[in-house]
Amino acid sequence: MTEDNITRLHINDTEYILIGTAHVSKQSAEQVKQVIDEEQPDSVCVELDEQRYQSIVNGDAWKDTDIFAVIKQKKASLLLMNLAISSFQKRMAKQFGIQAGQEMIQGIESAKEHDAELVLADRNIQVTFARIWGNIGFGGKAKLLMSIVYSIFSNDTISEAELEKMKTQDMLDGMLKDLTENFPKLKKPLIDERDQYLAQKIKDAPGKKVVAVLGAAHVPGIKEAIYKEHDLTQLNKRPPKSPWPKIIGWSIPVLIISIIVYTFMANPEAGTQQTISWVLWNGTFSAIGTAAAMAHPLAVLAAFVAAPITSLNPLIAAGWFAGIVQAYFRRPKVAEFETLSEDVASLKGFWRNRVTRILLVVLLANVGSSLGTFIGGADVLRLFFENL
């Protein structure tokens with residue numbers, strides 16, 4: 001058996017065998033099977049959390065997705081992000097005729113075959129995203145979103161040699177490589193903290209021989225972290241939310257309402273102009289965003305009507321209403337959930353699939369409403385000062 005990409009560690013009376021893999025490498029999957037067959041470990045750790053594990057073992061789970069619940073629970077953007085990462089892996093996997101995450105699937109199957117304890121060793125991906133989001137500023141957030149959009153629609157291909165080089169970097173880390181260079185703070189939640197989390201889960205795995213299937217980028221960090229104790233509860237904490245978005249979110253509508261009410265009292269005609277301006281700017285931009293997603297005409301109308309109201313209440317959003325109307329009149333078919341991860345790999349498929357169309361409606365309606373809020377608010381202020 002080749003020892004390439006394999007690290008053996010002995011701590012107390014337990015042997016830990018770390019397999020560094022590329023998440024779309026056929027050779028990595030074959031090596032995982034070979035190692036587990038020959039070593040007969042007591043436990044097999046895989047770089048998956050419960051959410052990603054379920055998506056692998058329950059490939060048909062998309063059929064049961066409640067798109068209305070996704071909208072109401074404010075998970076449309078998160079779903080888009082997960083789909084982007086999935087499409088990034090699947091596109092390269094398809095290029096070389098292999099299945100994305102095959103080495104993790106092989107680890108799961110081999111663990112069952114040899115009656116080894118399966119350990120889901122990675123941190124919940126939503127916690128990781130939350131801690132990433134809390135560690136980068138506004139510019140970082142914008143670049144992150146741009147990177148995600150690029151990953152969805154890019155048709156870039158790579159060579160076999162470049163693919164093998166990916167054994168030195170995790171797929172998620174690879175997609176965000178530019179960001180980690182521009183924003184060093186991103187490295188901590190994305191790589192360092194996960195190294196610590198993975199190391200502790202591997203060390204806590206039962207038995208005297210443990211095999212861990214990992215993205216190769218994590219192996220060096222785990223080799224250091226595994227000799228220390230790490231608080232998983234602390235690593236699982238979501239960063240405290242800054243009060244400023246909530247303060248700003250409520251301050252703007254309070255200011256706008258106060259100005260319009262004051263203007264109405266001083267000059268009813270000017271107050272009427274302010275109200276009309278607010279409604280038109282908010283409604284029009286939100287409707288334009290919704291129309292850009294090729295939404296149902298009634299969803300466009302819903303965005304227009306809802307935006308001037310939702311912009312005055314941070315607890316609700318125009319996109320929710322537009323998305324729910326879109327889902328009602330263009331309810332996704334089961335087949336569209338089944339082809340979701342493939343459809344997002346192309347611009348045409350992204351717009352054609354009714355699931356992603358709904359997500360786009362939610363996102364673009366909200367973007368348009370936000371833009372309308374600032375422009376409409378500025379016009380309300382202009383009318384206020386003109387009529388002092």
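Predicted model: local features only at pLDDT ≥ 70, side-chain atom pairs only at ≥ 80, totals over all residues.
Visitor: How many helices and strands does the chain have?

Guide: There are 21 helices and five strands. These are DSSP runs, numbered from the N terminus: helices are H or I with at least four residues, strands are E with at least two.

Visitor: Why is Asn12 called exposed?

Guide: Exposed means over 50% relative accessible area, buried means under 20%, and partly exposed lies in between (1.4 Å probe, protein chains only). Asn12 has 78%, so Asn12 is exposed.

Visitor: Where is Asn12?

Guide: Asn12 sits in the loop between β1 (6-11) and β2 (14-21). The hairpin of these strands has two residues between them, and Asn12 takes a positive phi near 55° there.

Visitor: What about Asp115: buried or exposed?

Guide: Relative accessibility is 71% for Asp115, so Asp115 counts as exposed. Asp115 lies in the loop between α5 (102-113) and β4 (117-120). Its phi is near 55°, a positive value in a residue other than glycine.

Visitor: How do you know that β1 and β2 pair?

Guide: Two strands pair if DSSP finds at least two bridges between them. Six bridges join β1 to β2, and the strands run antiparallel. Leu9 stands opposite Tyr16 in β2.

Visitor: In what sense do β2 and β5 pair?

Guide: β2 and β5 pair in the parallel sense, over seven bridges. Ile19 stands opposite Val213 in β5.

Visitor: Why is β2 called largely enclosed?

Guide: Eight of its eight residues are buried, so β2 is largely enclosed by the rest of the structure. Both faces are covered. Thr14, Tyr16, Leu18 and Gly20 are buried on one side, and Glu15, Ile17, Ile19 and Thr21 on the other.

Visitor: What makes a nonpolar core?

Guide: A nonpolar core is a set of buried Ala, Val, Leu, Ile, Met, Phe, Trp, Tyr and Cys residues joined through side-chain atoms within 4.5 Å. The largest one here has 18 residues, and those with the most contacts inside it include Tyr16, Leu18 and Leu214. β1, β2, α11 (187-203), β5 (209-215) and α12 (219-225) each supply at least two residues of this core. Apart from it lies another core, of 17 residues, among them Val32, Val35, Val46 and Leu120.

Visitor: Which residues are in contact with Leu214, leaving aside its neighbours within four places in sequence?

Guide: Contact means heavy atoms within 4.5 Å. The partners of Leu214 include Leu18, Ile19, Met104, Ile202 and Ile222.

Visitor: What makes the nonpolar surface patch?

Guide: Like charges are joined within 9 Å, and nonpolar side chains (Val, Leu, Ile, Met, Phe, Trp, Tyr) within 5 Å. Leu298, Leu301, Val305, Tyr328 and Phe329 make this patch, of about 490 Å². Accessible areas come from the Shrake-Rupley method with a 1.4 Å probe; for residues, only the protein chains shown count as cover. The largest share, three residues, comes from α16.

Visitor: Why is Phe329 called partly exposed?

Guide: Phe329 has 37% relative accessibility, so Phe329 counts as partly exposed. Phe329 is found in helix α17.

Conventions:
Residues numbered from 1 in each chain as written. Heavy atoms only, no water. Patch = residues over 30% accessible without salt bridge, like charges linked within 9 Å, V, L, I, M, F, W, Y side chains within 5 Å. Salt bridge = Lys/Arg side-chain N within 4 Å of Asp/Glu carboxyl O.
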